[in-house]
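Reader: Could you walk me through how to read a few features of a protein model?
Author: Gladly; let's look at it together.

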Amino acid sequence: MSKATKTFCPWHPEQSHLLPPSPRDWLPSGHLAYFLLDVVGQLDLTAIVAPYQRELRGKPPHDPRMMVTLLAYGYCVGVPSSRKIERKIERKTHEDVGFRVIAGGNHPDHTALSEFRRIHLAALAGLFLQVLKLCRKAGLVKLGQVALDGTKVKANASKHKAMSYDRMQKGEAELAAKVAELLRAAEELDADEDARYGKNRH
């Protein structure tokens, strides 16, 4: 007997619509939303998907690829993740073209986004770091509040290679620290709101 797998809510960001005929016509080619959809599509989300495989019954959750891409895009365009700001992400899936293309017709509410971030915090830190590293490799220099060092390792002169490698290592450590800082700030904001208003009452 084949092993059952968890079913997620339908998510088809490439699916055609009436006006315009395809969401791929909503944004210019090379837009960050498309880039992140491609990047997240290449990441290993096993650590995030695995827990859902143990809960095969119940309402299908949102596709983890969509949730990761929405949160990553939010960070990249300067919408940091916390319940207060995740309300903006929820609204942007209705109003903002980039978020709408990523969501592919879905509109996860801020509670779903916040819980997804909370449950998968450790895995998201690693995934966001991979996303930022790939953005840096692609030549992007700044995403939201995160400045990226686009230094490339030179193929000649060992001295130059060593210097570039040192800068690359330093840049990666700085990116990791920034991701940790952003996620920690989001958790602190959530804790503050819980203390003031009670959990999920804001």
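Author: F8 counts as buried because its relative accessibility is 19%, buried meaning under 20% relative accessible area, exposed over 50% and partly exposed in between (1.4 Å probe, protein chains only). This is a predicted model, where local features need pLDDT of at least 70, side-chain atom pairs count only at pLDDT 80 or more, and totals for chains, interfaces and linings use all residues. Residues are numbered from 1 along each chain as its sequence is written, and side-chain values use heavy atoms, with hydrogens and water left out.

Reader: How many aromatic pairs does the structure hold?

Author: A pair of aromatic rings is described by the distance of the centres and the angle of the planes. The structure holds two such pairs (rings of Phe, Tyr and Trp, the last by its six-membered ring, with centres within 6.5 Å; planes under 30 degrees apart are stacked, over 60 edge-to-face, the rest tilted). F8 and Y52 are edge-to-face, 5.6 Å centre to centre with 85 degrees between the planes. Y73 and F99 are also an edge-to-face pair, at 4.8 Å and 75 degrees.

Reader: Is Y73 buried or exposed?

Author: Y73 counts as buried, because its relative accessibility is 5%. F99 is buried too, with a relative accessible area of 1%.

Reader: What does the side chain of T93 reach at 2.6 Å?

Author: That is the backbone oxygen of E90. The T93 side chain also makes a polar contact with the side chain of H107 at 3.0 Å (N or O atoms within 3.5 Å; within protein, one must be able to donate a hydrogen and the other to accept it, and residues adjacent in sequence count only if both atoms are side-chain atoms). T93 itself is buried, at 1% relative accessibility.
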